[in-house]
Amino acid sequence: MSAIDNKLIDRLRKAKKVAVLTGAGISAESGVPTFRGNDGLWKKFRAEELATVDAFMDNPALVWEWYLFRRDLMSKVEPNPGHYALVELENLFNDFTLITQNVDGLHRRAGSKNILELHGNITLNKCFDCGKAFEGTVDISLGELPKCACGGKIRPDVVWFGELLPAAAINKAFEASQEAEVFLSIGTSAIVHPAASLPVEAKRHGACLVEINLDPTPLTALADYAYQGKSGEILPQIVERLKS
Ligand code: BV8
Ligand code: ZN
């Protein structure tokens with residue numbers, strides 16, 4: 001993995017507005033499988049068939065099984081040095097926006113403040129019909145699925161394929177991306193839209209685009225700086241350089 005460019009450190013030192021987009025890769029070192037990497041959840045569960053409204057209508061118990069398995073797994077993991085480095089980075093800039101596609105809540109647990117959760121939060125549930133938050137516990141072992149007072153089915157409060165992202169979150173994310181002087185895309189395969197268009201939007205508006213990812217992605221060629229490696233190793237190096 002190449003050392004961090006001095007020119008990038010200078011750009012960051014001069015920047016007032018920084019935005020970051022994270023994906024499943026930043027949580028990989030915490031032990032949370034990614035979607036499309038070789039340990040990917042998608043392989044075992046073909047998630048693109050499970051993270052959909054149709055799958056839930058056809059087989060709500062199976063979709064719930066997948067989310068309860070992930071929820072249990074995420075309750076046992078901790079943030080990693082990549083998450084903590086982003087907390088330190090946020091404290092170094094007066095205008096810092098953390099946009100995440102992740103639903104694992106690890107950025108908040110690490111201490112990040114200004115977070116935009118584009119795809120929801122796996123620990124929360126809501127009614128499929130009226131959208132009301134559901135505070136009860138979900139236990140499918142008894143065979144029946146939780147119902148809302150209105151009679152609607154309870155579902156995880158995440159954004160499935162074909163569903164609109166929360167308007168406030170995605171609008172603020174586009175705004176932060178368009179105003180950013182430096183935009184870092186971290187741990188994402190950059191193929192799920194509209195999240196994947198945020199780094200492109202930042203670049204189009206003049207931002208210095210940085211990618212930190214284990215594998216090359218459709219963004220790599222567009223990035224001003226592309227570091228192929230683990231975010232848990234690279235981000236702390238950037239923070240160290242900025243603080244020295
Ligand atoms: C919408 C649910 C519109 C929560 C998720 C054709 C072209 C373009 C777009 C589309 C299309 N067909 C359909 C679409 C739209 C679709 C889409 O983008 N599909 C893609 C697959 C082509 N998007 C949607 O449907 C969105 N909604 O567009 O609505 C609309 C319009 C009108 C009316 C109604 C609706 C909704 C998208 C949200 C879907 N929900 N998840 C959950 O269960 O988690 S998406 C799912 O993928 C996760 O949220 C995840 O965050 C997201 C992106 O994946 P990544 O985070 O990037 O993870 P991945 O495994 O792919 O990559 C990890 C990377 O990390 C790898 O590259 C790896 O190398 C790297 N890595 C691994 N370890 C490390 C590392 N990097 C650094 N360090 C490490 N240690
Ligand atoms: Zn309801």
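## Reading a pocket and a zinc site

Modeller: β4 gives the most to the lining of the second largest pocket, with four residues. Strands here are DSSP runs (E, at least two residues), numbered from the N terminus. This is a predicted model, with local features needing pLDDT of at least 70 and side-chain atom pairs counting only at pLDDT 80 or more. Residues are numbered from 1 along each chain, and ligands from 1 in the order in which they are written.

Biologist: How is a pocket's space found, and what is the volume of the second largest pocket?

Modeller: Rolling a probe the size of a water molecule over the atoms shows where empty space is left. The second largest pocket has a volume of about 150 Å³.

Biologist: Which residues line the second largest pocket?

Modeller: Among them are E117, N121, R155 and P166. β4 and β5 are the elements that give two or more residues.

Biologist: Which protein donors does the zinc ion (ligand 2) have?

Modeller: Donors are N, O and S atoms within 2.8 Å of the metal (3.2 Å for Na, K and Ca). Here they are the SG atoms of C127, C130, C148 and C150, 2.2 to 2.4 Å from the zinc ion. Their spacing in sequence is C-x2-C-x17-C-x1-C.

Biologist: What arrangement do the four donor atoms make?

Modeller: Ideal angles at a metal are 109.5 degrees for four tetrahedral donors. Around the zinc ion (ligand 2) the angles are 103 to 123 degrees, so the arrangement is tetrahedral. That label requires all angles to lie between 85 and 135 degrees.

Biologist: Is C148 buried or exposed?

Modeller: Buried means under 20% relative accessible area, exposed over 50%, partly exposed in between (1.4 Å probe, protein chains only). C148 is buried, at 12%. C130 is partly exposed, at 43%.

How values were computed: Heavy atoms only, no water. Tetrahedral: all angles 85-135°; square planar, octahedral: opposite > 155°, others 65-115°. 1 Å grid on protein atoms, 1.4 Å probe; cavity = no way out; pocket = protein on both sides within 12 Å on 5 of 7 lines; lining within 4 Å. Points joined across faces, edges and corners; volume = space filled by probe spheres on them.
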